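Open your viewer and load the model.

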Amino acid sequence: MTWIGVNDHEDGRFSKTGLGKDTSITKLGPMLERGTLMFETQVAGHERPHELLGIAHPFPWPRELSFRAIPGGGIAMLHRHNTDITHAAIRWANDGRTHTLRVTYAWNAPEGWGRLALERPEGNRIVSRPVHMPRPFMTDDLRDVVLAHPARTLSQEVLFSALSDDILPIGPMPSLHPATPIATPGGYRPAEVLQRGDTVVTDSGDIVPILHTIRHTVPARGSFAPVRLRAPYFGLQRDIVVAPEQRLVLKGSEVEYIFGQEAVLVPARHLVNGHAAIWNTCGNTTDYVQLILPGNESLIAAGCAVESLYIGRIRRDAERLDASVLADVPSRLLPEHARPIHQVLGPFEAITLIDQRAA
């Protein structure tokens, strides 16, 4: 898979030979017959539908791509290719609060297959709909979506969009920089070199086997934008870089006093405060890895306890498994994680804990 476009409200990059390190693909043709268009948006409840992302061109034949917010929650997609129209919609119950929603439209026109999916980056809930007989896109139209053509619509609610020339997985994603030092019985080793069958030391001192190592390249935007956790905060011996949704294990008297528990899980994005954790500058894309352990045990990353990849009971859902980064792993070789090992704090709870620690 190669990313060929990424943008936000400040910048846009598009390359027919690929962004980032992977520029190995041949130059794209005039039509993109398979690929993925992904964007993240913060949408609250609305009384009227409105366009989030789209473009329309009248020549040499009528073409239109539109993603619209649905009143009450959800997304509708319309792709017009001359007289052919592809349409799909997904309802997403709105609780009155503003959440980040990741929208992924993947299509494979030669095989007559497509998928529209919605997911919350901070949760495990995914809703997807099949799209029958999707049409290919003109490559230049998708370039115009990325590079701010006058005919493009990009709502202020959209955080970023990205384009790939292949089918993008949905669901659990890796969240550690490949060079992150992970504690093993033989000492710290970079996460990227660890493989199935190796062992790691958990934050409780146990030694457990690695079942799988997951790798993926993502746009360095939105819920994928790297966070630098800085030493000596969080017990770190050196700085590490993680995805915003990577959860840290925090312990101490403040945790026990406020939450009545020995430990809690806090997503890295809630810790960004300008000194202990900051947004890390990088290129258009970034690589992440993660380890799957038998019981969702916590890893030790440069002295800091972090959660291993939580996959829930995805092995029981063949459709979700096939659409995920775990698609090549036989379900019989995957564990089941009934629930995260500790309570996961929301934004307000995390801010309360950090303020209490700083007091």
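**From fold to rings**

Show the whole chain first. Of its contacts (heavy atoms within 4.5 Å) with a separation of 6 or more, 63% are between residues 24 or more positions apart. This is a predicted model, where local features need pLDDT of at least 70, side-chain atom pairs count only at pLDDT 80 or more, and totals for chains, interfaces and linings use all residues. Residues are numbered from 1 along each chain as its sequence is written, and side-chain values use heavy atoms, leaving out hydrogens and water.

Switch to cartoon view. The chain has four helices and 28 strands. These are DSSP runs, numbered from the N terminus: helices are H or I with at least four residues, strands are E with at least two.

Now colour by burial. Of the 359 residues, 52% are buried (under 20% relative accessible area, 1.4 Å probe, protein chains only).

Next, select Phe39 and Phe67. They form an edge-to-face aromatic pair, 5.2 Å centre to centre, with 70 degrees between the planes. Rings of Phe, Tyr and Trp (its six-membered ring) pair if their centres lie within 6.5 Å; planes over 60 degrees apart count as edge-to-face. Phe39 is in strand 4 (residues 34-43) and Phe67 in strand 6 (residues 63-69), so the pair ties together parts 28 residues apart in sequence. Both Phe39 and Phe67 are buried.

Then select Tyr105 and Phe137. This aromatic pair is edge-to-face too, at 6.4 Å and 80 degrees. Both Tyr105 and Phe137 are buried.

Phe39, Phe67, Tyr105, Trp107 and Phe137 form one aromatic cluster.

Methods:
Buried means under 20% relative accessible area, exposed over 50%, partly exposed in between (1.4 Å probe, protein chains only). Rings of Phe, Tyr and Trp (its six-membered ring) pair if their centres lie within 6.5 Å; planes under 30 degrees apart count as stacked, over 60 as edge-to-face and the rest as tilted.
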